[in-house]
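I opened this notebook to record what I looked up in one structure. The entries follow the order of my searches.

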Amino acid sequence: MRSIVRSSVLTAAAVAAAIGFAGSASAAPTWTVTPGGTFTGTAGSTTLKDTNTGTTVTCTGSTATGSAVAGSGQSGTGLGKINSISFTSCKGPLSFTFTVSAGKLPWKINAVSYVASTGTTTGTITGISAHLAGATCSADIDGTGGAGSGTGTVNLSYVNSTHKMTISGGGLTVYNSAGCLGLLNNGNTATFSSVYTLSPALTITAP
């Protein structure tokens, strides 16, 4: 009898645990995007910084084109993507000028959390890779996988009411630095910062 009771208790506990696990798994947020489709993001001052040396390369502007899938019940991973991105008038210290080229496009836009009171989505952009080319100084920017791997990541936040996507920080590394006089060094961490206004505006929500 005791064996039967013990078995029943263990079975009930296992069922309860399974139900609890299923409930936890289903609690992951799903996302709704309207109207979806293609968009253009325009930004003013855009910076790339070698955080070890403090060297900053500043571009006067940047334009990105992307797309987002319309509809509800979506996973936050790959909610949208950046299909192209360009940078204008990029300059560093010592009068260095650069052409900045993006690689490994499209880059994925991933939503992680949502604050309903402010209509703010936070997340990441992944797959980033870029090349800086100047008359005497050049370097690659990527993630932990090495130059050209497309493993770079930056943080983002998007506010529905302002239609602004703020990019900051992230996991970027300098590779293949040449002729940069110690201003951009191999293996140093880097950050990318900018604010893009999206048009047409997207509305991104999660319950």
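**Entry 1: an aromatic pair and its burial**

I began with Trp31, which counts as buried at 1% relative accessibility. By buried I mean under 20% relative accessible area, by exposed over 50%, and by partly exposed anything in between, with a 1.4 Å probe and protein chains only. I note that this is a predicted model, in which local features need pLDDT of at least 70 and side-chain atom pairs count only at pLDDT 80 or more, while totals for chains, interfaces and linings use all residues. Residues are numbered from 1 along each chain as its sequence is written, and side-chain values use heavy atoms, with hydrogens and water left out.

I then looked up Tyr114, which at 22% relative accessibility counts as partly exposed. A search for aromatic pairs returned three in the structure. Trp31 and Tyr114 form an edge-to-face pair, 6.3 Å centre to centre with 80° between the planes. For pairing, ring centres of Phe, Tyr and Trp (its six-membered ring) must lie within 6.5 Å; planes under 30 degrees apart are stacked, over 60 edge-to-face, and the rest tilted. This pair links distant parts of the chain, with Trp31 in strand β1 (residues 31-34) and Tyr114 in strand β8, 83 residues apart. I take strands (E, at least two residues) and helices (H or I, at least four) as DSSP runs numbered from the N terminus.

I also checked Phe96 and Phe98. Their ring centres are 6.2 Å apart and their planes stand at 75°, so this pair is edge-to-face. Both Phe96 and Phe98 are buried.

**Entry 2: disulfides**

How many disulfides does the whole structure hold? My search found two, a disulfide being a pair of cysteine sulfur atoms within 2.5 Å. With the bonded cysteines of the protein chain numbered in sequence order, I read the pairing as 1-2, 3-4.

In the disulfide of Cys59 and Cys90, the sulfur atoms are 2.0 Å apart. The link joins distant parts of the chain, from Cys59 in strand β4 (residues 56-68) to Cys90 in strand β6 (residues 80-91), 31 residues apart. The torsion about its S-S bond is about 105°, so the disulfide of Cys59 and Cys90 is right-handed. I found both Cys59 and Cys90 buried.

The sulfur atoms of Cys137 and Cys180 also form a disulfide, at 1.9 Å. This link is right-handed, with 90° about the S-S bond of Cys137 and Cys180. Cys137 lies in the loop between β9 (120-134) and β10 (138-142), and Cys180 in the loop between β12 (164-178) and β13 (189-199), so the pair ties together parts 43 residues apart in sequence. Cys137 and Cys180 are both buried.

**Entry 3: the partners of β6**

I next followed β6 through its strand pairings, where two strands pair if DSSP finds at least two bridges between them. β4 and β6 run antiparallel and are joined by ten bridges; Gly66 stands opposite Ile82 in β6. Three bridges join β6 to the antiparallel strand β8 (residues 107-115), and Gly80 has Ile109 in β8 as its bridge partner.

β6 also runs antiparallel to strand β7 (residues 97-103), with two bridges between them. Here Cys90 stands opposite Phe98 in β7. β6 and β7 form a hairpin with five residues between them, and Leu94 in the turn has a positive phi of about 55°.

**Entry 4: cavities**

I searched for cavities of 30 Å³ or more and found three. On a 1 Å grid over the protein atoms alone, a cavity is a set of points where a 1.4 Å probe fits but cannot get out, and lining residues have an atom within 4 Å of a point. Points are joined across faces, edges and corners, and a volume is the space filled by probe spheres set on them.

The largest cavity has a volume of about 160 Å³. It is lined by 13 residues, of which Leu48, Phe87, Val100, Ala130 and Phe192 are the closest to its centre. β3 gives the most to this lining, with three residues.

The second largest cavity holds about 130 Å³ of space. Of its 14 lining residues, Ile109, Tyr158, Met165, Leu202 and Ile204 lie nearest its centre. Here β8 gives the most to the lining, with three residues.

How values were computed. 1 Å grid on protein atoms, 1.4 Å probe; cavity = no way out; pocket = protein on both sides within 12 Å on 5 of 7 lines; lining within 4 Å.
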